[in-house]
Amino acid sequence: MAEELTPAVSDFAADAAGPEETDEQPIKQRKNGLYPGVSDELAENMKSGWADTELHGLEPIAQAAHTAHRRAALSARFPGERLVIPAGNLRTRSNDTEYAFRASTEYAYLTGDQTHDGVLVLEPTKDGHEAAVYLLPRSDRENGEFWLDGQGELWVGRRHSLAEAEQLLGIPAKDVRELPERLREATGPVRGVRGHDAGIEAALTDKVTAERDEELRVFLSEARLVKDEFEIAELQKACDSTARGFEDVVRVLDKAEATSERYIEGTFFLRARVDGNDIGYGSICAAGPHATTLHWVRNDGAVRPGELLLLDAGVETTELYTADVTRTLPINGRFSELQRKIYDAVYEAQEAGIAAVRPGAPYRDFHDAAQRVLATRLVEWGLLGDLDVEKVLELGLQRRWTLHGTGHMLGMDVHDCAAARTETYVEGTLEPGMCLTVEPGLYFQADDLTVPAEYRGIGVRIEDDILVTEDGNRNLSAALPRQADEVEAWMARLKG
């Protein structure tokens, strides 16, 4: 990795090397850099001789009409108030390297833009709001930023100019470096989305309240409960890519057996990066007893024939919509008798849960339906003494082995709409366009002395992404088999 000469853009002009620096050469040298400085002649040379690369006649991004509609709904909800939604900043991973940037969900949802340091501002007018997106312009060639700064064009790639951004996003674009001062001078009520940009929050510190900002966050979370056609298409794309990723894993299970769960993790990650933006969350590649740990993301364990692999993973599309799918697979391609018994119980529970997903149904119905099936099987297997199913459900005793809720909303966040009010989410009613996971599971911990020894260390979860339609539901991840015989046949085909 090459070593750049200067720190971040925000420090570029302010932290000149010494009293002799001028505006024409605002350079701060890196400690232990190999070049002692930049000569006046080189600095002047680098200013000229570059072709004009401005792009013209750009078409708006595919979701521009949808983001405009979303901003209109936001404007109608908060008339007369200034609204500030930042994308977020780069985060340091170590020393002078950063984590891969992912724009805040709220910002990307309202703009379609994914660049760091961006901020959407809705300025109140008598008729609603005027929206503007504040961005970093192209890196400066006059002061040398484009080749000397760590975020300059020759180091990390070309940024869109403000004029190009306007064409792509369908929103006026302005220089974000001017925004903090504008916000400090602003008057009137302001709301902002917190937790993404400390500099913007500092500029608003005396103008906002936690309560008002939370109302904005809740509204933007609830706005995503029902997906538009663009979002549904993205979720389907994510599920299709995820199915290909699961197929990739099955084809290399022999290599995972020779190495570890990390081979599975890396295989799926390759698919996510080829087909989309990234993984939507840390992949759970849990083999053997690790399958009983709900969020096993260490992925450093052995992959052994005769045991089960619980793979919970999702591709995030380039537009930041993620799938969330789980399959529990016999590593050698065949379920044992006990593994199949437990798997079939979870499959039956998932079938009951999916059947309960329909418009007008209470959100909780799919969870209750799946839990009833699992409680019934646990009673039948003699794991709950002489209690009947109704008493088990009343006391929640099945949760020792079912542990988690049966699903959640899905979208740009894997646990989407998390800030929505309880009355509109968990206590709400399903509507066409909502997308949720249905993911029952049974987990028998390796040290659980209340179950027969042969159960211990077996974990099974089956998860699919279900879209509520006008007349029922559609399984967006149906390309992956779920029934035990079909899973075995599918694995056999993929392994050749």
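**Exercise 1: L403**

Work out whether L403 is buried, partly exposed or exposed in this predicted model.

*Solution.* Start with the number: L403 has a relative accessibility of 33%. Now bring in the cut-offs: buried is under 20%, and exposed is over 50%. L403 sits at 33%, so it counts as partly exposed. Next, find its place in the chain: L403 is in the loop between α17 (399-402) and β13 (435-438). Finally, check the backbone: L403 has a positive phi of about 65 degrees, although it isn't a glycine.

**Exercise 2: N299**

*Solution.* Begin with the accessibility, which is 0% for N299. Buried means under 20%, so N299 counts as buried. As for its location, N299 belongs to the loop between β9 (284-287) and β10 (308-313). Its phi is near 50 degrees, a positive value in a residue other than glycine.

**Exercise 3: L480 and its contacts**

Find out which residues L480 is in contact with, leaving aside neighbours within four places in sequence.

*Solution.* First, locate L480: you'll find it in the loop between β17 (472-475) and α18 (484-495). Second, look at its surface: L480 has a relative accessible area of 3%, so it is buried. Third, list the partners: with those neighbours set aside, L480 is in contact with A243, F246, V325, R327 and W490. For one more distance, take L148: L480 and L148 are 332 residues apart in sequence, and their C-alpha atoms are 49 Å apart in space.

**Exercise 4: Q371**

Describe the surroundings of Q371, and say which side chain its own side chain makes a polar contact with.

*Solution.* Step two is burial: with 5% relative accessibility, Q371 counts as buried. Step four picks out the polar contact: the side chains of Q371 and T402 meet at 3.2 Å.

**Exercise 5: helix α3**

Compare the span of α3 with the expected one, then say which of its residues are buried.

*Solution.* Helix α3 runs over residues 64-77, so count 14 residues. From its first C-alpha to its last, α3 reaches 20 Å, close to the 20 Å expected at 1.5 Å a residue. The buried residues in α3 are A64, H66, T67, R70, R71, L74 and S75. To think about the spacing in such a list, remember that an α-helix has 3.6 residues a turn, so residues three or four places apart point the same way.

**Exercise 6: the largest pocket**

How much space lies in the largest pocket, and what lines it?

*Solution.* The largest pocket holds about 1400 Å³ of space. It is lined by 48 residues, and F101, R102, A103, Q114 and T115 are the closest to its centre. Sorted by class, the lining has 19 nonpolar, 14 polar and 15 charged residues. Several elements supply at least two lining residues each, including α4 (105-111) and α10 (210-223). The largest share, three residues, comes from α7.

**Exercise 7: the whole chain**

Sum up the chain: how many helices and strands are there, and what percentage of residues is buried?

*Solution.* The protein chain has 18 helices and 17 strands. Of its 496 residues, 50% count as buried. Along the principal axes, its C-alpha trace spans about 85 × 55 × 40 Å. Lastly, among contacts with a separation of 6 or more, 69% are between residues 24 or more positions apart.

How values were computed
Residues are numbered from 1 along each chain as its sequence is written. This is a predicted model: local features need pLDDT of at least 70, side-chain atom pairs count only at pLDDT 80 or more; totals for chains, interfaces and linings use all residues. Side-chain values use heavy atoms; hydrogens and water are left out. Helices (H or I, at least four residues) and strands (E, at least two) are DSSP runs, numbered from the N terminus. Buried means under 20% relative accessible area, exposed over 50%, partly exposed in between (1.4 Å probe, protein chains only). Contact means heavy atoms within 4.5 Å. A polar contact is a pair of N or O atoms within 3.5 Å; within protein, one must be able to donate a hydrogen and the other to accept it, and residues adjacent in sequence count only if both atoms are side-chain atoms. On a 1 Å grid over the protein atoms alone, a cavity is a set of points where a 1.4 Å probe fits but cannot get out, and a pocket is an open set with protein on both sides within 12 Å along at least five of seven lines; lining residues have an atom within 4 Å of a point. Grid points are joined across faces, edges and corners, and a volume is the space filled by probe spheres set on the points. Ala, Val, Leu, Ile, Met, Phe, Trp, Tyr, Cys and Pro count as nonpolar, Asp, Glu, Lys and Arg as charged, and the others, Gly among them, as polar.
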